[in-house]
Amino acid sequence: MIARLTLDTSGATWRGRAMRYVLIYVLLALVLVGVRYVTHDVRVQLRAAADREEVLIAQRDTLEVQVQALTTPQRIREWAFAQGMRRFAEAPKVTADLPTIPLPASLSSSPPDSSNSGLRPAPVPQTALEVRTQWK
């Protein structure tokens with residue numbers, strides 16, 4: 001059997017549908033009013049947060065300027081002199097001769113053979129090393 005689709009167009013059916021739709025709209029309106037009531041102070045809080053952010057940004061900018069003013073080369077130089085530091089050009093220079101490093105026994109006592117093609121190790125020259133330190 002094939003079921004036939006019949007439309008119920010009676011007044012009671014339309015009245016029931018209308019009542020359900022009105023009830024749904026009323027419930028949605030109540031939900032929206034409730035959400036608005038619960039969140040009514042959000043805009044005020046956002047404005048207060050924006051004002052606090054502006055104040056903090058201004059403080060950050062002021063502190064950055066202060067830090068830049070405190071770390072100028074002139075102030076660092078004055079601090080270094082106050083701590084007893086001297087300029088490199090004015091500091092005494094010290095040099096010392098470094099002793100030569102002896103060659104390993106295997107290289108110094110072995111005669112030249114075919115493995116190293118008759119080459120002798122070059123003598124290590126006497127050198128002096130000057131160490132310079134400088135602060136900025």
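Val26 is found in helix H1, helices being DSSP runs of H or I with at least four residues and strands runs of E with at least two, both numbered from the N terminus. The model is a predicted one, in which local features need pLDDT of at least 70 and side-chain atom pairs count only at pLDDT 80 or more, whereas totals for chains, interfaces and linings use all residues. Residues are numbered from 1 along each chain as its sequence is written, and side-chain values use heavy atoms, with hydrogens and water left out.

The protein chain contains four helices and two strands, which follow one another along the sequence in the pattern α-α-α-β-α-β. Of its 136 residues, 1% count as buried, where buried denotes under 20% relative accessible area, exposed over 50%, and partly exposed the range in between, computed with a 1.4 Å probe on protein chains only.

Helix H1 comprises residues 11–38, that is, 28 residues, and reaches 40 Å from its first C-alpha to its last, close to the expected 40 Å at 1.5 Å a residue; the expected span is 1.5 Å times one less than the number of residues. Val26, at 40% relative accessibility, counts as partly exposed, and together with Val22, Leu23, Leu27 and Leu30 makes a nonpolar surface patch of about 460 Å². Patches are made of residues with over 30% relative accessible area and no salt bridge, like charges being joined within 9 Å and nonpolar side chains (Val, Leu, Ile, Met, Phe, Trp, Tyr) within 5 Å; the areas come from the Shrake-Rupley method with a 1.4 Å probe, and for residues only the protein chains shown count as cover.

A search of the whole structure finds three salt bridges, each defined as a side-chain nitrogen of Lys or Arg within 4 Å of a carboxyl oxygen of Asp or Glu. Arg60, Asp61 and Glu64 are linked in a network of such bridges: the closest N and O atoms are 3.3 Å apart between Asp61 and Arg60, and 3.9 Å apart between Glu64 and Arg60. Glu64 and Arg60 both lie in helix H2 (residues 42–70), four residues apart, about one turn of the helix. An α-helix has 3.6 residues a turn, so residues three or four places apart point the same way. Elsewhere, Glu90 forms a salt bridge with Arg87, the closest N and O atoms being 3.5 Å apart; Glu90 counts as exposed at 52%, while Arg87, at 40%, is partly exposed.

The count of aromatic pairs comes to zero, under a rule by which rings of Phe, Tyr and Trp (its six-membered ring) pair if their centres lie within 6.5 Å, with planes under 30 degrees apart counted as stacked, over 60 as edge-to-face and the rest as tilted. Charges over rings do occur, as Arg17 lies over the face of Trp14 at 5.0 Å from the ring centre, and Lys93 lies over the face of Phe88 at 4.6 Å from the ring centre. A charge is taken to sit over a ring if NZ of Lys or CZ of Arg is within 6 Å of the ring centre and within 35 degrees of the ring normal.
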